[in-house]
Amino acid sequence: MYWHRMRPGLAAMLRGAIYTLGALGATASGAAEPVPAPTPSPTTTETTPTTIRRPPPAQIVADYTLTFPRDHGSHPDFRTEWWYVTGWLDTAAGETLGFQVTFFRTRPDAVDVANPSRFTPGQLVIAHAAISDPRHGRLWKAQRVARAGFGIVAADESDTQARLDDWHLQRQGERYETRIATGDFGFELVLARTQPPMLNGRAGFSQKGPQPQSASRYYSVPQLQVSGEILRQGRRETVRGSAWLDHEWSSAYLDADATGWDWIGINLDDGGALMAFRIRGRDGGTHWAGGTLRRADGTQQILHPEDVAFTPGRRWRSPRTGVEYPVEFAVRAGPLQLQLAPLMDDQESDTRGTTGAIYWEGAMEARQSGRRIGRGYLELTGYGAPLELPGADSAAAADPASLPASLPTSLK
Amino acid sequence: MTFRCWAQLTLAQWRDQPWRTLTTLLAIAVGVALAAAVWFVNTGALAEFGQATRRLVGESDLIVRGPARTGFDESLYPQLARLPGVETASPVLELEVALAERPGTLRLLGIDPFRAGQIQPTLFAELSGEFLDLFAPDAVFLSVAAAHKLGVQPGDRFDIRVGTGRRSLQVLGLLSDDAYPRSLGLMDIASAQWTLDRLGTLNRIDLRLSPGSSPAAIRARLAGLLPAGVQAIEPAIERDRAVSVTRAYRVNLNMLALVSLLTSAFLVFSTQSLSVLRRRTGLALLRALGLTRGELQRALFAEGIALGALGSVLGVLAGHLAAAWLLHRLDGDLGSGQLSVSAAALAPQPLAALAFVLLGTLAASAGAWAPAREAAHRAPAQALKAGDAEPALARLRGGRPGLALLALGALLACLPAIGGIPVFGYLAVAALLLGGVLLAPRVTATLLAHAPRSGHLVLDAGLAQLRGGVGLVTVGLAAVIVSFSLMVAMAIMVFSFRESFVHWLGEVLPADLQLRVAQGSDTGHLEPAQQQTLAALPDFSQVEFRRIVPLWLDPARPAITVIARDFVPGRGPAVLPLLYPVPTDPSLATGSSADAGTDTSTATAVTAAADPATDPSTAALPPLWISEAIVDLYGWQPGEAHELPFAGQRRRFRVAGVFRDYGRSNGALVIERAVYRRLSGDARASEASFWLAPNRSVTAAIETLRQALPGGRDLELLESTQVRELSLRAFDRAFLITYALEAVAVAIGLLGVALAASAAAVARRGEFALLRHVGMLRRQVLAMLAGEGLLTSLIGVIYGLLLGGVLSLVLVYVINRQSFNWSVEFAIPAGQLAAISATLVLAAALTAILSGRAAMSGETVRAVREDW
Amino acid sequence: MDPTARVVLRIENLVKRYRPERPPVLDGPSLTLHEGEYVAIMGESGVGKSTLLNLLAGLDRADAGRIEFDGVELGSLDDDAATLLRRRQMGFVFQAFHVLSYLTVAQNVALPLQLLDVAADQRETRVAAMLAAVGLGGQGDRHPRELSGGELQRVAIARALVHRPRLLLADEPTGNLDPRTAAVVLDLLRTQARNQAGAGILITHSLAAAETADRILVLDGHRLEPLAPVRDNSPRAPMPGAAR
C-alpha cells in the first residue's frame with residue numbers, strides 16, 4: 001500500500017506542504033513584501049544569510065470574469081488551488097459507494113525563484129483519493145505529494161490537466177477523466193458534463209468571512225455522469241454514478257476566529273444542485289455561511305449567510321478517536337429544508353499519524369420529508385480539537401499537521 | 001569417572017598450581033581477546049557502514065549511478081520516472097563536499113524530499129525543524145554525526161568549498177538520532193544543483209518499482225536508455241560494494257588476530273605437556289587405582305577444554321572492552337583509513353562472542369589433545385617407580401607429516417585468490433607454520449646432536465641435558481617458534497612494503513610543490529582560467545595539472561580513479577612509476593608532447609609486453625596507463641584496446657603500460673589531460689604539481705600561489721617532502737595495529753618459554769641439588785642453565801627466522817598481491833630482526849637463570865609449593 | 001591350608017622379558033593365594049619383584065604364563081577391562097606413598113570410592129571409618145604436605161583398602177620409613193589386610209618386614225620358593241607351603 005510504505009517520511013513532508021498551504025492565511029491582509037532584486041548566483045562566499053527571493057502571491061479581487069477553458073487550468077500566482085471531485089458510485093452488483101479525488105496545487109513561499117535549477121519547487125502538487133465502502137465498512141484512501149516539473153508532475157495553466165506521476169485528472173472537451181492507482185485500490189473514471197459550470201458567489205467570487213479579502217475564486221460542476229471501473233484489492237468492477245467537481249483558488253482565506261466548518265455539495269435528483277457551507281466560530285456558532293442553489297431549470301440563487309442554517313442532528317462517536325460528529329443534519333438553504341443521512345457512519349479519516357488531522361468526510365443522502373431528493377458529500381472539520389490554521393503569527397503557534405483534505409474543502 | 005570426581009581432581013590440581021593455571025588462562029584469554037576485539041571492531045564498523053549504506057539504499061529496487069563528479073544530464077530523470085514499471089524515481093546529487101576551516105569532506109545528498117521520502121523514509125523520520133524550509137537554497141539538514149563532527153547546531157552556519165570558493169550553508173535541523181549513523185547532509189535537489197555548481201546534472205537516480213515488475217526486466221530496458229558510464233545497480237550490489245572496499249584489509253587483520261589465538265593453542269600445548277610431565281606419577285597412580293586409559297585421556301583433555309573455555313570467556317569480555325576502547329580512541333578505523341565509525345557502533349554480538357568462546361576452547365583443546373594422549377598412553381608402572389627420568393616425547397616428533405605440510409604449503413601458495421581474498425595464501429601460511437613446528441623437534445635434535453663439545457664442563461653438561469630432553473625443549477619452543485616466525489614474516493612484509501612505498505613516493509613526487517584543491521572532494525577544483533593564472537606565475541619553471549575523477553568500470557566493484565594529467569615537456573609519462581611500458585610507443589610521439597616517450601629511465605622494471613603494432617587501429621588509439629590493480633581485477637593487459645565512458649560516450653583507448661600505485665588499491669588509470677578534456681568537456685583540474693624556477697624560494701612560491709586565486713588560503717599546498725612525510729606517517733599508522741598484534745603474539749610465545757624453563761627447573765631440583773653436592777658452584781649451575789636457555793632460544797630464533805623468511809615470501813608475493821593488487825619488492829629488515837632476535841635470546845636466558853635460582857632456593861620452592 | 005577357602009590368585013609359569021636379547025626378568029614363578037592369606041615376597045634388588053607386582057596388577061603384560069584372579073585370566077583382558085578389575089578388586093601401597101599432594105587426606109582416601117561411583121554419604125562414612133582404622137581418625141581435612149612419612153603411608157594404606165579389595169598389593173611400603181615407624185605401618189598393613197581385603201601380598205627386601213606375613217616366599221628370578229615361617233600368625237591352618 002502506497003501510503004504505508006512511505007509513512008514516516010511523507011508525514012513530515014505533508015506537514016510541511018500543508019504548512020505552506022495553510023500559510024495562505026498569513027497574508028490575508030494583502031500586505032505585499034518588497035521583492036529583493038534577483039541575483040544570478042546563490043549564496044556566494046561570505047555573504048549574509050540568504051533572503052528568499054519570491055514575489056508574494058496574487059490576491060483575489062472581486063471584479064474578474066472567468067473565461068474558459070483558461071480558468072479550468074491552474075493559476076500559479078495564487079497560493080493554493082484545487083480540483084475536488086466527490087460522488088456516488090453504483091456497482092453492477094448493486095453496491096453503493098462514495099468516492100473522492102482531489103488535486104491540489106500549492107505555491108511555496110520559501111523558494112528562491114532566482115535558482116535556475118529545473119528542480120526549483122515553484123509549485124507543489126498534492127493528490128488525495130478515497131472510496132467510502134459501506135459493505136466493507138471502510139474508507140480506502142491514499143495521498144501523494146510532489147514538486148511540479150519535468151512534465152511528470154504538473155497542473156497546467158491552459159486547462160484542467162493535473163498529473164502526479166501516474167495519477168491524473170484532466171478535462172477532455174465535455175468530460176473529465178481521472179485515474180488513481182495504489183497498492184490496494186484505484187479507479188479509472190470518466191465524468192461527463194451535463195451542465196455548464198456553476199459559478200459560486202458573485203460570478204465566482206466567493207466570500208469566506210466578514211472581511212472582504214477573505215475570499216476565493218470558486219466554481220462547481222455538478223451533475224457529472226460517472227462511468228468507469230474501480231479496483232479494490234485486485235477486484236475490478238464496472239461502476240456508474242454521479243459526481244460533483246469543485247475548482248477553487250485563493251491566496252488568503254480563514255479568519256483567526258474560525259474553528260472548523262460544515263460543507264455540503266449535493267446533486268439534486270431533479271437535476272438541480274446545492275452547495276452550502278458554514279464556518280463555525282470559537283463560540284461554536286456560525287461565523288460565516290454561504291452557498292449556491294441551482295434549480296432544475298438552470299436558474300441560480302446565491303445563498304447569503306442569512307439564507308443558510310446547519311442544525312446538527314444525530315451524533316456518532318468514533319470508536320477509534322473518541323471524537324463525536326453530527327453525522328445527520330437539518331439544513332436550511334434558501335428555499336430548501338433538507339435532512340442529511342450518511343451513506344455510513346464511519347467515514348472518519350484519522351490522519352494524525354500522517355497529517356495530524358481527524359475529520360469526517362463522506363457520502364450522504366439529502367432527504368425531504370423522509371424522501372430522497374439528492375446525493376452528495378458532507379465534510380465536517382474541527383470537531384476533535386479546534387482546527388488551527390497557521391495565521392499571520394506563522395507556524396510556531398499552529399499545528400502544521402492540520403489537514404490535507406480539510407483545509408482545501410473548507411473554502412467551499 | 002564421574003564429572004564430580006573429575007571436577008574435584010581438576011580444581012584441586014588448579015588450586016595447587018595457581019600461577020601456572022592463571023598463566024595458561026591468561027594466555028588463552030589474551031589470544032581470544034585480541035581475536036575478538038579485532039572482530040568486534042571490524043564488524044561494529046562494518047555494521048554501521050552497512051546500516052548507513054542500507055539507509056541510503058532505502059527501499060529502492062534499482063540505483064542508477066553515473067560518474068560521481070561529472071554526473072549525467074538531468075533529462076534522464078523524467079525518462080526513468082515515466083518508464084512503465086517504475087513507481088517512484090528519486091533524483092539525487094550525491095557529493096563529497098570539501099569543508100572550509102576544517103579538513104575533510106561532508107557527504108551531501110541533494111534530494112527531492114517528496115521522492116526520497118518514499119525511498120529512504122527513515123532519513124526523514126522525525127526531522128527537527130521545518131521541512132519546507134529546506135527549499136531555501138542554503139538550507140541543509142544534518143545527521144547527528146555530521147552536526148557533531150562540524151560542531152554546529154540547528155540555526156548555525158558553516159562554510160563549504162566549491163571550486164576554489166566558499167559557500168555558506170545554514171543548518172535547518174537534524175535528522176533523528178537513529179536515522180543515519182554517519183556524517184550526512186541533506187539538501188533540496190534544486191538548492192544542491194545551484195549551490196554546488198551542478199546545474200543540469202544528477203549523478204544518481206533511485207528507482208522503486210511497481211509491485212510485480214522485475215528488476216531484471218527493468219534493467220534490461222534501462223540498458224538501452226542509459227548513457228555510457230551510467231549503470232543500474234541492484235541494491236544488494238550497492239551494499240556489497242561498500243563492504244568489499246575494505247574486505248581484504250579486514251580479512252588480513254582477522255587472520256592476524258587468529259595468529260594470537262594459534263599461539264595460545266601452542267602455549268596450551270606447552271603448559272599442558274609440561275604439566276602432564278610434572279604430574280606423571282600422580283597420573284600413573286590414578287591409572288594404578290583403576291582409571292582406564294580412556295578415562296585419563298578424557299579427563300586431561302577435559303582439563304584443557306575447561307581451561308580453554310574459562311580463558312575464552314575472560315578473553316571475550318576483555319575483547320569487548322578492548323574493542324570499545326579502540327573504537328573510542330581510533331574511531332574504529334584499524335588503519336585502513338576507509339572505515340571510520342563512532343563508538344556507538346559497538347553493539348553486543350552474542351553469536352560472535354559465543355563463536356569466540358568456542359574458538360578459544362577449540363584452540364585450547366587442540367593444544368591439550370596431544371599431551372593428554374601422550375599421558376594416557378604412558379605405561380603407569382614406569383612412572384610409579386621412584387626417580388623416574390624424563391620420558392621421551394617421541395610421539396611429538398612428526399618428521400614426515402611436517403615435510404608433507406611444508407610441501408602442501410608451497411603448493412597452496414601457488415593458487416589464485418578467491419573473491420579477492422587470498423584464501424589459499426592464508427592456508428599456505430598455516431600449513432607451512434604447522435609443518436615447521438612439527439619438524440622442529442627433529443631439526444632441534446639434529447642440531448643438538450651435531451653441536452660441538454666445548455670441553456667446558458658446565459657448557460657440556462647443559463648441552464647433554466638438552467640432548468637428553470629434546471622433547472621438553474621443543475615443547476617449550478613450539479609457542480615461541482610460531483609467534484616469532486610469524487613476527488619475522490610480518491616484519492619482512494611490512495618492511496618490504498615500506499621500502500617500496502618510499503621508493504614509489506620518490507617517483508610520483510618529482511616536483512617541488514603539490515597543490516590539491518580539496519582531498520577526496522567532489523566539489524573542489526580549479527577552473528581553466530585559474531589554471532592559466534597559476535601556470536603563468538613566474539615562480540615556477542613548470543606546472544602540471546591533474547584532473548582526478550572516479551569512474552565505474554564494474555558496478556559490483558568500487559569505483560576506479562581516472563587521473564587525467566598533463567605530460568610536462570621533458571618528462572612525458574615517465575613520471576609514472578612504470579612497470580611495463582610498451583616500447584616504441586607511437587602515441588607518445590603523436591598524441592602527447594613532442595618529446596614524450598624519450599625518457600623511461602625511471603621505470604622500475606621494463607618488461608616487453610604485447611606488441612601494439614600488430615593492430616594498426618589499436619596503435620592509433622590514445623594511450624592509457626593502468627595500475628597493477630586494473631590488471632589484477634579487470635584483466636586488462638598492455639597492448640589491448642579498452643573502452644572508457646566519457647560524457648555518455650564510449651571511447652577507445654590503448655593500454656600503453658602498467659604503473660605501480662600504492663595510493664589506490666581499487667585501481668587507477670592515467671590518460672593525457674588534453675585527451676580527457678576533449679572527450680569529456682571537463683577542463684577543471686583537481687591537483688597540480690609545481691617545479692620551482694631557479695632561485696625561487698618555496699615559501700615565497702607558496703605565498704604567491706595563495707595570493708593568486710580567490711580562496712587561495714583554502715588550497716592544500718604542500719612541499720613534496722612534506723607529502724612524503726605525511727604519507728609515511730599514514731603508512732606507519734596503518735600498520736600500528738599490526739605491530740601491536742604481533743608484539744602480543746610474541747609476548748605469549750615468550751611466556752611459553754618462561755613456563756617451560758621454570759617447569760624444567762623445578763623438575764630438575766634433584767639434579768641441581770646433586771650437582772651442588774658433587775661440588776658445582778651455585779653460579780656454575782646458573783651458568784649452565786643460562787647456557788641451556790641461550791642455546792635453546794638460539795635454536796628457536798634461528799628456526800623462527802628461517803621459517804619466518806619462508807612465510808614472508810608467501811605474505812609478500814601471494815597474500816599482499818592478492819589482497820591489495822600491487823606488487824612489492826622483497827626487502828629484509830636485518831637490523832630490526834637482529835634486535836628482536838637478540839632480545840628474545842637474552843630474555844630466554846634470563847628466564848632460565850631466574851627459574852634456576854628459584855628452583856635452587858629450597859625455601860622459595862616450598863613457598864611456591866612446586867608451582868613454577 | 002583351609003581347603004574350603006577360595007583361591008584368590010593363581011600364578012603359573014610367568015615369563016616376562018623387557019628386551020629380547022636379555023634373559024627374562026621372570027622365568028616361570030608360580031603361586032597360589034587363598035582367601036584370607038597374607039604373603040610376603042622377598043628377593044634381591046633387580047630379581048623382578050616390582051615386575052611381578054605390575055603383572056599382578058594388570059599394569060603390565062606377561063610374555064607367557066597365566067595369572068588367574070578370582071578365576072579370571074588376566075591375560076584375556078584388554079587394558080580397560082584390566083583397569084576396571086584393578087579399580088574394583090585391588091588395592092595398592094607404594095614405597096613412594098604416591099599421595100596426591102593437591103588433595104586432602106580424606107579426598108585421597110576417597111579416590112577409589114569416587115572411581116566406583118559410591119554415593120557421597122556412604123563414601124564419607126567409609127572414609128572416616130578407614131581413616132580411624134589406620135589411626136588418622138578426624139584428620140581427613142589435613143593436607144599431605146603437613147604429614148610425616150609414616151602418616152602418608154597410613155593414608156596410602158587407607159586408600160588401598162577403603163573399597164575392600166579382594167587383593168592388597170604392597171610394594172616396599174616401608175622402604176622410605178624409619179624402622180620404628182615401619183613396624184607400626186607393617187602391623188597396620190597386616191591387620192587391615194586381614195580385616196578389609198580378601199588376601200594380601202607384601203613385596204619387600206626386608207626380612208623384618210616379611211616376617212609380619214603369614215608366609216614368606218623368595219623370588220630368585222625363576223621361581224617363588226617358600227622361606228620357613230618364622231611364626232604362625234594365621235588364625236587358621238598352618239601354612240601349606242611350610243609343610244612342603
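Helices (H or I, at least four residues) and strands (E, at least two) are DSSP runs, numbered from the N terminus. The model is predicted: local features need pLDDT of at least 70, side-chain atom pairs count only at pLDDT 80 or more, and totals for chains, interfaces and linings use all residues. Residues are numbered from 1 along each chain as its sequence is written, and chains are lettered from A, ligands numbered from 1, in the order in which they are written.

View 1. Chain A holds three helices and 25 strands. Of its 412 residues, 52% are buried (20 or more other C-beta atoms within 10 Å of the residue's own; exposed means 12 or fewer, partly exposed in between, with C-beta atoms placed from the backbone). Two residues are in contact if their C-beta atoms, placed from the backbone, lie within 7 Å. Among contacts in chain A between residues at least 6 apart in sequence, 61% join residues at least 24 apart. The average pLDDT (the predictor's confidence in each residue, from 0 to 100) of chain A is 79, and 78% of the residues score at least 70. Over residues 1–49 of chain A pLDDT stays under 50, and the model has 135 contacts beyond four places in sequence for this stretch. Residues 388–412 of chain A also stay under 50, with 86 such contacts.

**View 2. Backbone details at Pro69(A) and Gln223(A).** A cis peptide bond leads from Phe68(A) to Pro69(A), with omega near 10 degrees. Pro69(A) is in the loop between α2 (7–22) and β1 (80–91) of chain A. Gln223(A), not a glycine, has a positive phi of about 55 degrees. This residue belongs to strand β12 (residues 215–232) of chain A. Gln223(A) counts as partly exposed because 19 other C-beta atoms lie within 10 Å.

View 3. Two strands pair if DSSP finds at least two bridges between them. Strand β3 (residues 86–99) and strand β6 (residues 157–162) of chain B run antiparallel and are joined by two bridges; Leu99(B) stands opposite Ile160(B) in β6(B). Six bridges join β6(B) to strand β7 (residues 165–174) of chain B, again antiparallel. Val162(B) has Gly165(B) in β7(B) as its bridge partner. The hairpin formed by β6(B) and β7(B) has two residues between the strands, and Gly163(B) in the turn has a positive phi of about 65 degrees. Glu101(B) lies in the loop between β3 and β4 (105–111) of chain B. Its phi is positive, about 70 degrees, although Glu101(B) is not a glycine. With 11 other C-beta atoms within 10 Å, Glu101(B) is exposed.

View 4. Ala413(B) sits in the loop between α15 (399–412) and α16 (423–449) of chain B. Ala413(B) is buried because 23 other C-beta atoms lie within 10 Å. Leaving aside neighbours within four places in sequence, its contacts are Gly425(B), Ala428(B), Val810(B) and Val814(B). Val429(B) is 16 residues from Ala413(B) in sequence and 8.1 Å away in space, C-alpha to C-alpha. Helix α28 (residues 778–820) of chain B bends by about 35 degrees at Leu811(B) (the angle between axes fitted to the seven residues ending there and the seven starting there).
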